[in-house]
Amino acid sequence: MKRLALLKPGYWPTWLALGMLRLFEPLPYSVLLWIGRRFGDLLLLLPISFVRIAQRNLALCFPEKSAEERKRILRGHFHSVGIGMFETALSWWS
């Protein structure tokens with residue numbers, strides 16, 4: 001009965017995300033890196049709370065850096081997050 005609960009609509013975004021990761025997993029690693037970076041760019045554009053939290057943390061931790069430098073660090077972080085998602089898919093299915 002618990003397994004059937006995983007088919008409820010609340011889990012559909014999770015299943016969709018896992019399906020997408022599984023679909024991309026067989027691609028060459030260099031392609032996965034590129035897709036991961038683009039996914040990180042997309043995350044950075046979304047109005048989600050952890051983007052604002054990361055921006056605030058960088059401002060608090062690096063007040064001496066310019067806004068442009070902090071933006072570069074933030075973008076690099078989200079690139080790493082995107083790449084990490086695809087590397088996780090590799091570790092699960094390869």
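By the ring-pair rule, the count comes to three aromatic pairs (rings of Phe, Tyr and Trp, the last by its six-membered ring, with centres within 6.5 Å; planes under 30 degrees apart are stacked, over 60 edge-to-face, the rest tilted). One of them is stacked: F50 and F78, 5.9 Å centre to centre with 20° between the planes. This pair links distant parts of the chain, as F50 sits in helix 4 (residues 49–61) and F78, 28 residues apart from it, in helix 5 (residues 67–93). Helices here are DSSP runs of H or I, at least four residues, numbered from the N terminus. F78 is buried at 1% relative accessible area, while F50 is partly exposed at 43% (buried is under 20%, exposed over 50%, partly exposed in between, with a 1.4 Å probe and protein chains only).

The model is predicted: local features need pLDDT of at least 70, side-chain atom pairs 80 or more, and totals for chains, interfaces and linings use all residues. Residues are numbered from 1 along each chain as its sequence is written, and side-chain values use heavy atoms, without hydrogens and water.

Next, look at W92 and W93. Their planes stand at 85° with ring centres 5.5 Å apart, so this pair is edge-to-face. W92 is exposed at 51%, and W93 is partly exposed at 31%.

Finally, visit D41 in helix 3 (residues 29–45). D41 is buried, at 17% relative accessibility. Leaving aside neighbours within four places in sequence, D41 is in contact with R75 and H79 (heavy atoms within 4.5 Å).

Terms used
Helix = DSSP H or I, 4+ residues; strand = E, 2+ residues; numbered from the N terminus.
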